[in-house]
Amino acid sequence: MNPISTEEAGKALQQIESSRRAMRAAIRANRGHLHLWMWGLIWIAMAVIMQNGGRFGEPLLNWLGIGGVIGSFVIGFWQGRRVRSGIDGRFIGAVVLLLVFGYAVWPALLGVHGDHPKALLTYSALVIMQIYILAGLWFDICLLWTGILVTVFLLAGLWFFAPIFYWLFAIFGGGTLIGTGFYLRYVLR
């Protein structure tokens with residue numbers, strides 16, 4: 001075996017470091033911040049619609065949610081082509097179960113209906129925050145804290161600040177999601 005020179009070893013280490021930087025940049029650029037930004041904006045739009053349109057704006061919430069789901073799949077597909085990683089089937093299964101139980105089973109069994117729009121919006125958001133908490137436990141602790149913080153903000157807004165609930169929903173719900181997106185994209189290394 002031929003020993004490598006100091007110069008060759010230095011070049012190899014530079015190439016390794018360059019590859020490492022490129023990989024970290026690719027992962028950081030596709031780490032979920034676009035999802036967080038999109039959903040944060042959707043939450044803000046939902047709050048503004050409910051604040052200004054009241055019960056008449058409720059049908060728009062469904063369309064925003066459907067658009068968000070479609071947007072999430074588009075972002076996921078686009079990012080999946082740039083950084084290949086496997087999809088964790090157990091995580092997807094857990095998310096599907098949380099959604100089915102949260103939006104179909106429990107409301108049907110408990111007789112949940114839309115008589116109280118703030119409570120219904122909070123309930124829907126709390127189901128989603130369970131998914132953030134699960135994702136935080138599964139993948140990145142940052143999402144765990146996002147889920148916990150938004151849950152606390154939503155419940156405090158509903159229970160203690162009802163007159164300004166929708167503004168708090170926009171600022172502390174949507175704003176926290178957007179802020180977490182910036183944290184993942186520009187701060188977390």
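Start by selecting Thr146, which sits in helix α6, residues 141-160. Helices here are DSSP runs of H or I with at least four residues, strands are runs of E with at least two, and both are numbered from the N terminus. The model is a predicted one, in which local features need pLDDT of at least 70 and side-chain atom pairs count only at pLDDT 80 or more, while totals for chains, interfaces and linings use all residues. Residue numbers run from 1 along each chain as its sequence is written, and side-chain values use heavy atoms, with hydrogens and water left out.

Is Thr146 buried or exposed? Thr146 counts as buried because its relative accessibility is 3% (buried means under 20% relative accessible area, exposed over 50%, partly exposed in between, with a 1.4 Å probe and protein chains only). Now show its surroundings. Not counting residues up to four places away in sequence, Thr146 touches Met129, Tyr132, Thr176, Leu177 and Thr180; contact means heavy atoms within 4.5 Å.

**Helix α6**

The expected span is 1.5 Å times one less than the number of residues.

**Helix α5**

Next select residues 117-138, helix α5. The 22 residues of α5 should span 32 Å, and the end C-alpha atoms are 32 Å apart, so the two values agree. Colour the buried residues of α5: Leu121, Thr122, Ala125, Val127, Met129, Ile131, Tyr132, Leu134, Ala135 and Gly136. When reading such a list, note that an α-helix has 3.6 residues a turn, so residues three or four places apart point the same way.

**α2 against α5**

The axes of α2 and α5 come within 12 Å and cross at roughly 170°. Axes are lines fitted to C-alpha atoms, for helices over the stretch in contact, and angles run from 0 to 180 degrees between N-to-C directions. The two helices, α2 and α5, are therefore roughly antiparallel to each other (under 35 degrees counts as roughly parallel, over 145 as roughly antiparallel, 65 to 115 as roughly perpendicular and the rest as oblique). From α2, Leu36, Trp39, Trp43 and Met50 make the contact; from α5, Pro117, Ala125, Met129 and Tyr132. By class, the contact of α2 with α5 has 8 nonpolar residues, no polar and no charged. Ala, Val, Leu, Ile, Met, Phe, Trp, Tyr, Cys and Pro count as nonpolar, Asp, Glu, Lys and Arg as charged, and the others, Gly among them, as polar.

**α2 against α7**

The axes of α2 and α7 are 8 Å apart, at an angle of about 170°. That angle makes α2 roughly antiparallel to α7. The residues in the contact of α2 with α7 divide into 18 nonpolar, 8 polar and 1 charged.

**Aromatic pairs**

Show the rings of Phe, Tyr and Trp (for Trp, the six-membered ring): they pair if their centres lie within 6.5 Å, and planes under 30 degrees apart count as stacked, over 60 as edge-to-face and the rest as tilted. How many aromatic pairs does this rule give? The count is 9. Zoom to Trp37 and Phe182, a tilted pair because the planes are at 45°, with ring centres 4.8 Å apart. Trp37 in helix α2 and Phe182 in helix α7 (residues 165-187) are 145 residues apart, so this pair links distant parts of the chain. Phe182 is partly exposed, with a relative accessible area of 42%.

Move to Trp43 and Phe169, a stacked pair with 4.9 Å centre to centre and 15° between the planes. This pair also links α2, which holds Trp43, to α7, which holds Phe169, across 126 residues. Trp43 is buried at 5% relative accessible area, and Phe169 is buried at 2%.

**Met46**

Select Met46 in helix α2, residues 33-53. Met46 counts as buried at 11% relative accessibility. Leaving aside neighbours within four places in sequence, Met46 is in contact with Leu61, Leu64 and Gly65. The C-alpha atoms of Met46 and Ala170 are separated by 7.8 Å, although the residues are 124 apart along the chain.

**Whole chain**

Zoom out. The protein chain has 7 helices and 0 strands. Of its 189 residues, 33% count as buried.
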